[in-house]
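Hi,

Here is the structure I promised to pass on.

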Amino acid sequence: MPASRKSGKVSYTLRPSREGLPPFSDIRLPDGTIIRRVDETVHKRALSNAAKALKERLDR
């Protein structure tokens with residue numbers, strides 16, 4: 001793995017859902033920082049799935 005990936009930071013931002021755009025897009029800065037723009041719908045679905053999984057684990 002390149003050193004820039006190990007030392008870089010990843011920041012996430014949400015963007016409005018739009019047809020035809022990929023769910024994730026990365027912007028790589030020269031210092032190794034990655035800004036990942038995430039589709040808001042994908043983010044909400046992931047949070048919902050994580051909440052369901054946690055609830056199932058806690059109910060056991």
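Arg-15 sits in strand E1, which covers residues 10–15 (strands, E, are DSSP runs of at least two residues and helices, H or I, runs of at least four, numbered from the N terminus). Before I go on, a word on the source: this is a predicted model, where local features need pLDDT of at least 70, side-chain atom pairs count only at pLDDT 80 or more, and totals for chains, interfaces and linings use all residues. Residues are numbered from 1 along each chain as its sequence is written, and side-chain values use heavy atoms, with hydrogens and water left out.

Back to Arg-15: its relative accessible area is 5%, so it is buried (buried is under 20% relative accessible area, exposed is over 50%, and partly exposed is in between, with a 1.4 Å probe and protein chains only).

What does Arg-15 form with Asp-39? A salt bridge, with the closest N and O atoms 3.8 Å apart (the rule asks for a side-chain nitrogen of Lys or Arg within 4 Å of a carboxyl oxygen of Asp or Glu). Since Arg-15 belongs to strand E1 and Asp-39 to strand E3, this pair ties together parts that are 24 residues apart in sequence. Asp-39 is buried too, at a relative accessible area of 7%.

Now the strand pairing. E1 and E3 run in the parallel sense and share six bridges (two strands pair if DSSP finds at least two bridges between them). Within that pairing, Ser-11 stands opposite Ile-35 in E3. E2 and E3, on the other hand, pair in the antiparallel sense over five bridges. These two strands form a hairpin with five residues between them, and Gly-32 in the turn has a positive phi of about 95°.

Also in that loop, between strand E2 (24–28) and strand E3 (34–39), is Thr-33. Thr-33 is buried, at 14% relative accessibility. Its side chain makes a polar contact of 3.0 Å with the side chain of Asp-31 (a polar contact is a pair of N or O atoms within 3.5 Å; within protein, one must be able to donate a hydrogen and the other to accept it, and residues adjacent in sequence count only if both atoms are side-chain atoms). Beyond four places in sequence, Thr-33 is in contact with Gly-8, Lys-9, Ile-27 and Arg-28.

How many salt bridges are there in total? The count comes to three. Besides the Arg-15 and Asp-39 pair, there is one between the side chains of Asp-26 and Arg-36, at 2.7 Å from N to O. Asp-26 lies in strand E2 and Arg-36 in strand E3, so that pair ties together parts ten residues apart in sequence. Arg-36 is also the bridge partner of Asp-26 in E3. Both ends are partly exposed: Asp-26 has a relative accessible area of 33%, and Arg-36 comes in at 24%.

Then there is Lys-55 with Asp-59, where the closest N and O atoms of the salt bridge are 3.0 Å apart. These two are four residues apart in helix H2 (residues 40–59), which puts about one helical turn between them. Lys-55 is exposed, and so is Asp-59.

Cheers

Note on methods
Contact = heavy atoms within 4.5 Å.
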